[in-house]
Amino acid sequence: MNQIMGKNETIKKMAGAYIKEHMAVTAVYAVAAMLFYLVAGLYGYGDSMRHMSYALFLVLVLGAAAGVWGFIRHVCHLSDLGNAMKREGEREEYLPDAETMAEQYYHEMIHDMEEERRSFLSEYDEKKKDMADYYTMWTHQIKTPIAAMRLLLQEEKGLRTGQELEELFRIEQYVEMALHYARLDSLSGDLLLKSCDICRITRQVVKQYSELFIRSGLSFSMDHLICHAVTDEKWLSFVIGQILSNALKYTSHGQISIYGADKEKRRVKGAALYLVIEDTGMGISESDLPRIFERGFTGYNGRFYTKSTGIGLYLCRRILERLGHTIEVQSEAGKGTRVLVGFWQDNGTDE
């Protein structure tokens with residue numbers, strides 16, 4: 001019903017536009033007919049008035065038929081233009097044939113604009129690729145002195161050395177963030193999707209952050225998570241690491257917990273399982289919560305904690321979307337944060 005009403009409104013709109021476009025021609029035709037009648041009346045041609053009426057009636061019928069035919073062509077032409085607008089990429093190929101000299105000029109203008117757009121996109125893609133290659137090369141090169149510094153610091157002992165190792169670890173995380181950010185647009189070509197043990201991946205990431213957990217003095221608990229999902233281990237590890245990094249950054253006391261949670265999903269095959277990372281930190285204000293996945297958004301916590309970049313959660317969401325997973329954040333200011341990463345469990349069966 002709604003579709004029929006929508007089509008009727010569209011036809012009415014097209015008819016109104018068509019009448020408006022041909023209003024001048026119709027007005028000239030009406031004035032010409034009146035002049036013929038006026039001249040015939042002035043000279044008293046008698047039966048000529050009646051004969052002219054017959055001719056005028058025939059002309060009106062032919063004009064009406066021509067108007068209907070023109071309107072049908074007008075609708076088809078607009079429909080073709082609308083379909084061309086809905087196309088992505090090379091819209092020029094789907095444009096209807098030009099019917100007037102003005103439309104021919106418009107076609108030539110669109111052709112020139114498409115050529116400029118293609119040239120711009122080609123140049124932009126080339127620059128973007130060069131920048132991504134540079135960041136990739138830089139991150140791989142910077143890892144060598146970082147690894148050397150870690151070896152040198154591990155040979156020493158003392159409180160100050162522990163603090164230096166912690167800061168060095170943070171440098172490594174920022175380097176990894178830069179690398180993943182540079183590769184984000186080419187993520188599809190860098191994926192190695194296979195069935196993975198989510199619990200094993202999570203434990204490996206927690207092990208990487210073990211020094212920060214120890215130095216933070218926070219309590220930590222992790223339940224055994226029975227879940228196998230099709231994912232990319234490297235990219236998922238990065239996401240879990242970012243979430244853990246935020247939990248450690250914004251939690252000064254209390255604990256960090258990792259556990260699983262089931263959630264039934266209707267009309268979708270498979271069982272949804274969530275990896276939950278929960279902390280008792282400062283939480284997120286209600287006004288900031290809807291924007292936390294925006295690129296560069298830091299919110300109140302970011303302004304309070306000046307080292308925040310506003311990139312971590314943005315990367316997490318983009319990566320998880322590409323992997324076919326979900327992410328949800330539940331939080332309340334002063335009462336901690338709960339991050340839920342959702343997977344479709346790879347159990348080999350369909351409901």
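Accessible areas come from the Shrake-Rupley method with a 1.4 Å probe. In this predicted model, the accessible surface of the chain comes to about 23200 Å². Carbon and sulfur atoms hold 59% of that surface. The chain has 351 residues, and 31% of them count as buried. Its secondary structure consists of 10 helices and 7 strands. Contacts were also sorted by separation along the sequence. Among contacts with a separation of 6 or more, 68% link residues 24 or more positions apart.

Helix H4 spans residues 101-154. Two salt bridges in this helix are described here. In one, the side chains of Arg117 and Glu114 meet at 3.1 Å, N to O. Both residues lie in helix H4. They are 3 residues apart, about one turn of the helix. Arg117 has a relative accessible area of 31%, so it is partly exposed.

The other bridge joins the side chains of Glu115 and Arg118, at 2.6 Å, N to O. Because Glu115 and Arg118 are 3 residues apart in helix H4, about one helical turn separates them. Glu115 is partly exposed, at 38% relative accessible area. Arg118 is also partly exposed, with a relative accessibility of 26%.

A further salt bridge involves Glu332 and Lys335. Their side chains meet at 3.5 Å, N to O. Glu332 is partly exposed, with a relative accessible area of 44%. Lys335 reaches 61% relative accessibility, so it counts as exposed. Elsewhere, salt bridges that share partners join Glu114, Glu115, Arg117 and Arg118 into one network. The count of salt bridges comes to 8.

Met131, Tyr134, Tyr135, Met137 and Trp138 make a nonpolar surface patch of about 520 Å². One of these residues, Met131, lies in helix H4.

The structure holds 1 aromatic pair. The rings of Phe213 and Phe220 have their centres 4.8 Å apart. Their planes stand at 50°, so the pair is tilted. That angle falls between the cut-offs, because planes under 30 degrees apart count as stacked and those over 60 as edge-to-face. Phe213 has 8% relative accessibility and so counts as buried. Phe220, at 33% relative accessibility, counts as partly exposed.

Helix H8 covers residues 233-249. Two serines of this helix were examined. Ser237 lies in helix H8. At 18% relative accessibility, Ser237 counts as buried. The side chain of Ser237 reaches the backbone oxygen of Glu233 at a distance of 2.7 Å. With residues up to four places away in sequence left out, Ser237 touches Ile201 and Val205.

Ser245 is found in helix H8 as well. Its relative accessibility is 17%, so Ser245 counts as buried. Ser245 and Gln173 are 72 residues apart in sequence. In space, their C-alpha atoms are 9.0 Å apart.

The loop runs between strand S5 (272-279) and helix H9 (299-304). Pro290 has a relative accessibility of 65% and therefore counts as exposed, as the cut-off for that class is over 50%. Along the chain, Pro290 and Val329 are 39 residues apart. The C-alpha atoms of Pro290 and Val329 are separated by 9.4 Å.

Key:
Residues are numbered from 1 along each chain as its sequence is written. This is a predicted model: local features need pLDDT of at least 70, side-chain atom pairs count only at pLDDT 80 or more; totals for chains, interfaces and linings use all residues. Side-chain values use heavy atoms; hydrogens and water are left out. Rings of Phe, Tyr and Trp (its six-membered ring) pair if their centres lie within 6.5 Å; planes under 30 degrees apart count as stacked, over 60 as edge-to-face and the rest as tilted. Buried means under 20% relative accessible area, exposed over 50%, partly exposed in between (1.4 Å probe, protein chains only). Patches are made of residues with over 30% relative accessible area and no salt bridge: like charges are joined within 9 Å, nonpolar side chains (Val, Leu, Ile, Met, Phe, Trp, Tyr) within 5 Å. A salt bridge is a side-chain nitrogen of Lys or Arg within 4 Å of a carboxyl oxygen of Asp or Glu. Helices (H or I, at least four residues) and strands (E, at least two) are DSSP runs, numbered from the N terminus. A polar contact is a pair of N or O atoms within 3.5 Å; within protein, one must be able to donate a hydrogen and the other to accept it, and residues adjacent in sequence count only if both atoms are side-chain atoms. Contact means heavy atoms within 4.5 Å.
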